[in-house]
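Reader: I am new to reading structures. Please take me through one part of this one closely.

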Amino acid sequence: LGAVYLAPDITSTWIAVIFIFIMAGLGLKTEEFSKAFQRLWFNTVVQVFNFGVVSSVVFGVSRALVGINVISQSLADGMVVCAA
């Protein structure tokens, strides 16, 4: 009965995740947002380093290792995905 009316393939993936993030966001205090905005430059530098620099280094290392036949292409792709 629940599988007919609730559409579990949609409910368990999209709606549940959205609900969890909304409930978590409502629990944040406004002071936390103001602190985050005061440190906007630092937070931006951290994000750029984590997503840009680290990912680029791992990509370069993985391609170099594939180029000298140390690791397989699929393992190199997995390294890049895990670094991103």
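Predicted model: local features only at pLDDT ≥ 70, side-chain atom pairs only at ≥ 80, totals over all residues.

Author: Ser55 is found in helix α4, which covers residues 40-67. Start with its cover. The relative accessible area of Ser55 is 16%. Buried means under 20%, so Ser55 counts as buried.

Next, its surroundings. Set aside the neighbours within four places in sequence. Ser55 is then in contact with Asn50, Ala83 and Ala84. A polar atom of the Ser55 side chain lies 3.2 Å from the backbone oxygen of Ala83.

Now move along to another serine. Ser62 is in helix α4 too. Its relative accessibility is 0%, so Ser62 is buried. Its side chain also has a polar atom beside a backbone oxygen. Here the oxygen belongs to Phe59, and the distance is 2.9 Å. Leave out residues up to four places away in sequence, and Ser62 touches Ile71, Ala76, Met79 and Val80.

For contrast, look at Ile22. This residue lies in helix α2, residues 8-26. Its relative accessibility is 47%, so Ile22 counts as partly exposed.

Ser55 is buried at 16%, Ser62 is buried at 0%, and Ile22 is partly exposed at 47%.

Terms used: Residues numbered from 1 in each chain as written. Heavy atoms only, no water. Helix = DSSP H or I, 4+ residues; strand = E, 2+ residues; numbered from the N terminus. Buried < 20%, exposed > 50% of the residue type's maximum accessible area, 1.4 Å probe, protein only. Polar contact = N/O pair within 3.5 Å; in protein donor to acceptor, adjacent residues only side chain to side chain. Contact = heavy atoms within 4.5 Å.
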